[in-house]
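Please look through the sequence and the structure below before reading on.

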Amino acid sequence: AAALVLSLVLATAITRSITVPLHRAVVRAAEVAAGDLSRDSLETRGDEIGALMHAMHDMSQKLAQVVGTVRGGADAIALATSEIASGNQDLANRTEEQASSLQRASSELVQLTEAVRQYVDQTRQASDHVQHATEVAARGGRTVSEVVHTMDSISASANSQRVRNNDLRPLADAIRALGEMS
């Protein structure tokens, strides 16, 4: 009976020496699966369970490094994305300013074009006035020439004949015509 009790105690001790560390390994694996990489699970046992726990510890450490590297990369990407967004906003602001400048220049060009059109119209009108004045001056020159010719005729007639009252009529007509023109 003592052998049976001893066998039972030994069987329980051996079972516990296997199941308790295996249970710890299962718990640690569940923690790693849940994302907890902070706990140290290093075992000092020299058997297969110790090797399993040591391998899980190494896996946890390597996984923590990978997560750290990924997190650093994500942070760098977030920073670059923020800088790109800021650069895009600056570009959008500058583009808007350029568009506004271009719109002002376009408006000023329209105003300048209108001013040039008005200048051309005024120049055309001035040219028409100059042409009309030239025509009037030419007609006036012809009339003066006719008056001078008439005066010369009267002078020649007066020198060759006696001047009578009726002979002054062409002179009076010429002077009257000259007065009507002005």
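**From one glutamate outward**

With a relative accessible area of 33%, Glu114 is partly exposed, because that value falls between the limit of under 20% for buried residues and the limit of over 50% for exposed ones. The model in which this value was computed is a predicted one. Glu114 forms a salt bridge with Arg117, and the closest N and O atoms of this pair are 2.4 Å apart. Side chains of opposite charge can pair when their charged atoms come close. Glu114 and Arg117 are separated by about one helical turn, because the two are three residues apart in helix H2.

Arg117 is itself partly exposed, at 42% relative accessibility, and its side chain also meets that of Asp121 in a salt bridge, with an N to O distance of 2.7 Å. Here the spacing is four residues, again within helix H2, and this amounts to about one turn of the helix. Asp121, for its part, has a relative accessible area of 26% and is likewise partly exposed.

What does the side chain of Asp121 meet in a salt bridge at 3.3 Å, N to O? The partner is the side chain of Arg124, a residue that counts as partly exposed at 48% relative accessibility. Through salt bridges that share partners, Glu114, Arg117, Asp121 and Arg124 are joined into one network. A search of the whole structure finds four salt bridges.

A residue elsewhere in helix H2, which covers residues 48-160, gives another view of this element: Ser60 has its place there. Is Ser60 buried or exposed? Ser60 counts as buried, because its relative accessibility is 1%, and the cut-off for that class is under 20%. When residues up to four places away in sequence are not counted, Ser60 touches Arg28, Val32 and Leu37.

The last stop is on the surface, where Leu6, Leu10, Ile14, Ile18, Leu22 and Leu52 form a nonpolar patch whose accessible area comes to about 520 Å² together. Helix H1, made up of residues 2-33, gives the most to this nonpolar patch, with five residues. Ile14, one of the residues named in the patch, lies in helix H1.

How values were computed
Residues are numbered from 1 along each chain as its sequence is written. This is a predicted model: local features need pLDDT of at least 70, side-chain atom pairs count only at pLDDT 80 or more; totals for chains, interfaces and linings use all residues. Side-chain values use heavy atoms; hydrogens and water are left out. Buried means under 20% relative accessible area, exposed over 50%, partly exposed in between (1.4 Å probe, protein chains only). Contact means heavy atoms within 4.5 Å. Patches are made of residues with over 30% relative accessible area and no salt bridge: like charges are joined within 9 Å, nonpolar side chains (Val, Leu, Ile, Met, Phe, Trp, Tyr) within 5 Å. Accessible areas come from the Shrake-Rupley method with a 1.4 Å probe; for residues, only the protein chains shown count as cover.
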